[in-house]
Amino acid sequence: MHCLVLGGAGFMGSHIVDALVARGHRVRIFDLPNISTLNLKKSIDSVEIRGGDFNNVNDISPALEDIDVVVHLVGTTLPGPSNENPAYDVESNVIGTLNLLKQAVGKGVKKIIFSSSGGTVYGIPRFVPVPETHETNPVCSYGITKLTIEKYLALFHHLYNLDYTVLRLANPYGERQRIDNVQGAVAVFLGKTLLRQPITIWGDGSIARDYFYISDLVQAFMTVIESDPPSRIYNIAGGIARSLNEILSVIREVTGLQPIVRYAPGRRLDVPVNCLDVQLAKNELGWQPEISWEEGIARTWEWFKKSREG
Ligand SMILES: NC(=O)c1ccc[n+]([C@@H]2O[C@H](COP(=O)([O-])OP(=O)(O)OC[C@H]3O[C@@H](n4cnc5c(N)ncnc54)[C@H](O)[C@@H]3O)[C@@H](O)[C@H]2O)c1
């Protein structure tokens, strides 16, 4: 298949690109001009790279030429900060995606795979693990725009028969994740441990989220790209809630180092526990997370150490 990976130079995108190339697909990457291609080292000679702005229809339209499948990974906002400027969130994610969908129909694209957010579209869970049928009441703009895009995908399928799959992701972690990000506790904690910097934890560290390793995420994308899944929306996650204190303890175990931790008063915006039910993906895609928590953290730690050594 000829695949276009939007945001293909990023954390998830670059791993998906490597896997698509390894499986013999033709790959075109679309990402911001002048973006670092460091993440693409492995596949750079086998892919086509187009620089452009996702929000510029004159950039996006030619990138869709001759494409079978679009993997849509461009995201311009993060959950917390998205509430500071919801108008920007809508303009840069929803409007951009609507232009993409319209162009995709015109160019004869067969299928779109969208990276939605299992951590935000459901809002405050009424129970855990959260299945795909749980009500959706996001408490941040990021979750609202992800959900809006899901609805537009359904509309474009209804109107124009544009095929699509939505993956509602929990928190992937692994090699190439940025340690300076405000998102992704595993990467941030590992990075601070490596740099001997203090880690701030709001609350007592009991807040728990669902983490899963990047190669499991890639496997889920490969499955939905290469098959015709019976459902439209799948949770993709580890299916287990891990507290911030559990992350610290596995880091101690794997690295042999003692992270410097500062506990600060809890924040109202933090939901105490969240994890996703992945039974539907197990039943219908034959997918389940394969990499253990300890193994995933150990692999990520090795990569962080190596990339710091240069
Ligand atoms: N990482 C997570 O924890 C997580 C969880 C759930 C959903 N997601 C979603 O998955 C997607 C990918 O996440 P990631 O962690 O790989 O992010 P990332 O920031 O590593 O990658 C996103 C890529 O999109 C590119 N991009 C951003 N704005 C662009 C624009 N206007 N035009 C062209 N390219 C642009 C960036 O340069 C980057 O390479 C995002 O949509 C994100 O919201 C991520």
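Helices (H or I, at least four residues) and strands (E, at least two) are DSSP runs, numbered from the N terminus.

## Basis of the model

This is a predicted model, in which local features need pLDDT of at least 70 and side-chain atom pairs count only at pLDDT 80 or more, while totals for chains, interfaces and linings use all residues. Residues are numbered from 1 along each chain as its sequence is written, and side-chain values use heavy atoms, with hydrogens and water left out.

## Surroundings of the ligand

Polar contacts here are pairs of N or O atoms within 3.5 Å. An oxygen atom of the ligand lies 2.6 Å from a side-chain N or O atom of Asp31, and a backbone N or O atom of Met12 is 2.9 Å from an oxygen atom of the ligand. A side-chain N or O atom of Asp53 is 2.9 Å from a nitrogen atom of the ligand. Taken alone, the ligand exposes 830 Å² (Shrake-Rupley method, 1.4 Å probe), of which the protein buries 84%.

## Backbone in two loops

Most residues other than glycine have a negative phi, and most peptide bonds are trans. In the loop between β5 and α5 lies Pro129, which is joined to Val128 by a cis peptide bond with omega of about -5°. Asn161, placed in the loop between α5 and β6 (163-169), has a positive phi of about 65° although it is not a glycine.

Definitions and conventions. Polar contact = N/O pair within 3.5 Å; in protein donor to acceptor, adjacent residues only side chain to side chain.
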